[in-house]
Amino acid sequence: MSPENEFRYAQAMEAIGDGVYDWDVTTSVVYFAPSYYTIAGYDPGDFPMNFESWSSRVHPDDLSQVFKDVEEFMSGRTDVYSPKFRFRRKDDSWMWLMARAKIVERDKDGSPTRVIGVHTDIDQFIQAEEQLLEARDQAEKASKAKSEFLASMSHELRTPMNAVLGFAQMMQYDPRTNLSEIQNNHVSHIIEGGNHLLELINDVLDLSKIEADHLSLTLEQIDSAEIVADAVLMSASLGNARNITVVDKFSDAASVMLQTDSMRFKQCLLNLISNAVKYNKDGGVVTLNGQETEDGFLRISVTDTGLGIAKRDFAGMFQMFHRLNGDPTVAKEGTGIGLTVTKLLIERMAGRIGFDSEEGVGSTFWIELPLASNHNVLIWSSAMKVGIDEIDSDHHTLVSLLNKIMNPSIDRDELNQRVDEFIDSTKHHFQREEAIMDVCEYPNHEEHRKQHQELLTQITEHVAGWRAGTSMQDLSDLWWFLQNWLFKHIMKEDTQIVFYARDKAQLIKKSLQDLD
Ligand code: ADP
């Protein structure tokens, strides 16, 4: 930038109220424009124009990160420089600033000698962000309470419903009841409505169980062909009335072994097949196919010759209670929960789900589950639990994020987002675990805390390495590192806390509430 442009730039920044500075790196003198002082409530010249007097006003908790960001920026390791930090106002309160800067002069070796930049007051954004997070937390807590409640109501809801259905069936089949035609018709309505309600109850309960993290999987090595053949057999009669055939092109092929929960796997298949029948045309066909993917999954697809789904409806397909206004004669019964439950179950088994569809032609819904030989996925199971609910739920979140990070079909933006999410969740988890260790008076607390700090540094370094490289190999290295530390840390270190956490569930809950 020419000196004239620099001057104009600085004037423009002053005019919009940002704090402008001009830093002579060699002498450590910093020229602070009057606006720099006034945004933080100072009068121009209130503090000396040098780096030290500025850094002494940065919040001590943010200082080391600020130094690190400045160092990265000055060494040219990163082009992105927008650190956020707290700065002390004249009245001793803290304000949030965001920095942007440009190196405008270098010496003959290329080292920066002069930097100009602006610091923007982002207090309002941070406040808005905090309010949003608070609102999200509240909503999550409310949703968790709802899920916990429903998950514990399973018995209370199912038992009376089964009684209604059982007695209605007895009335129809017991010759002693001798129902008239009209009465028989009424009882049929009770059974039909009851079955529908039971299906809804089962779906809602499954959903709550997954959300409340009460769903336990029985992982075993299974032959996929057997389960697919079973599911096809169970659904063969579904399409009889409308002359729809279910064709199994999968289970005749060579068997593929999966590491999964066979009952839940079958439940997902049945959901997809019953949809493919329900939303098919009379006389239509449902075909099951399967193939292995390059990254160690088995993809099973269920293709129908039905009405299809319009592109505009693609986005909300897996959302709860999402039902399309298709031909009402084709799909009168349904709840709009089946696909949501299927997606959650599949993801719970470290799998993936998706679909493609063409209006008027038909749809293909597919699921992918890890092959038994695939060691690149972690399936959350009771074997990984340490026995403290709060810690287990954090570990579960981390495992799910790891599996999402390794999904080759996610785009770069989402991948970046997931990696950031992973780092944030790890920090949050460490904080919570440290609070738990505190309240349990865990003797190795200090050592464990130190390990957390080291791990965080290593994770951040690995992520920075991956971001600088971004090849598939870098990603796989990052993933292996994350998977290894998480697993080792859980198995070796975290399991020891549990001995000190006995009978302290209430204390732990309270200490984490205080933390939030
Ligand atoms: P339900 O079938 O109980 O309504 P789902 O969650 O299983 O609930 O499905 C949600 C919606 O997605 C359905 O109402 C239907 O509109 C659409 N849908 C699901 N599967 C198919 C399919 N194979 N073909 C066309 N539309 C489908």
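**Reading a predicted model, value by value**

Reader: How do you know that the span of helix H12 (residues 412-439) agrees with its number of residues?

Author: The expected span of a helix is 1.5 Å times one less than its number of residues. H12 has 28 residues, so it should span 40 Å. Its end C-alpha atoms lie 41 Å apart, and that agrees. This is a predicted model: local features need pLDDT of at least 70, side-chain atom pairs count only at pLDDT 80 or more, and totals for chains, interfaces and linings use all residues. Residues are numbered from 1 along each chain as its sequence is written, and side-chain values use heavy atoms, with hydrogens and water left out.

Reader: What makes a stretch a helix or a strand?

Author: Both are DSSP runs, numbered from the N terminus: helices are H or I with at least four residues, strands are E with at least two.

Reader: What is found at the start of H12, and what just after H12?

Author: At the start, a side-chain oxygen of Asp 411 comes within 3.2 Å of the backbone nitrogen of Asp 413. A polar contact is a pair of N or O atoms within 3.5 Å; within protein, one must be able to donate a hydrogen and the other to accept it, and residues adjacent in sequence count only if both atoms are side-chain atoms. Just after H12, Glu 441 has a positive phi of about 50°.

Reader: How do you know what span helix H9 (residues 262-278) should have?

Author: With 17 residues at 1.5 Å a residue, H9 should span 24 Å. Its end C-alpha atoms are 24 Å apart, so the two values agree. Asp 261 caps the N-terminal end of H9, with a side-chain oxygen 3.0 Å from the backbone nitrogen of Met 263.

Reader: Why is H9 called mostly covered?

Author: Of its 17 residues, 14 are buried. Buried means under 20% relative accessible area, exposed over 50%, and partly exposed in between (1.4 Å probe, protein chains only).

Reader: Is Arg 348 buried or exposed, and why?

Author: Its relative accessible area is 9%, so Arg 348 is buried. Arg 348 sits in helix H10 (residues 338-348). Leaving out residues up to four places away in sequence, Arg 348 touches Leu 215, Leu 217, Ile 379, Trp 380 and His 396. Contact here means heavy atoms within 4.5 Å.

Reader: Which class does Ser 28 count as, at 19% relative accessibility?

Author: At 19%, Ser 28 counts as buried. Ser 28 lies in the loop between S1 and S2. Its phi is positive, about 70°, although Ser 28 is not a glycine.

Reader: Why is Gly 465 not called buried?

Author: Its relative accessible area is 41%, so Gly 465 is partly exposed. Gly 465 belongs to helix H13 (residues 445-469).

Reader: What makes a space a cavity?

Author: On a 1 Å grid over the protein atoms alone, a cavity is a set of points where a 1.4 Å probe fits but cannot get out; lining residues have an atom within 4 Å of a point. Grid points are joined across faces, edges and corners, and a volume is the space filled by probe spheres set on the points. The structure holds 1 cavity of 30 Å³ or more. The largest cavity has a volume of about 160 Å³. It has 14 lining residues, and the closest to its centre are Tyr 21, Trp 23, Phe 51, Trp 54 and His 119.

Reader: Which classes does the lining of the largest cavity have?

Author: It has 13 nonpolar, 1 polar and no charged residues. Ala, Val, Leu, Ile, Met, Phe, Trp, Tyr, Cys and Pro count as nonpolar, Asp, Glu, Lys and Arg as charged, and the others, Gly among them, as polar.

Key. 1 Å grid on protein atoms, 1.4 Å probe; cavity = no way out; pocket = protein on both sides within 12 Å on 5 of 7 lines; lining within 4 Å.
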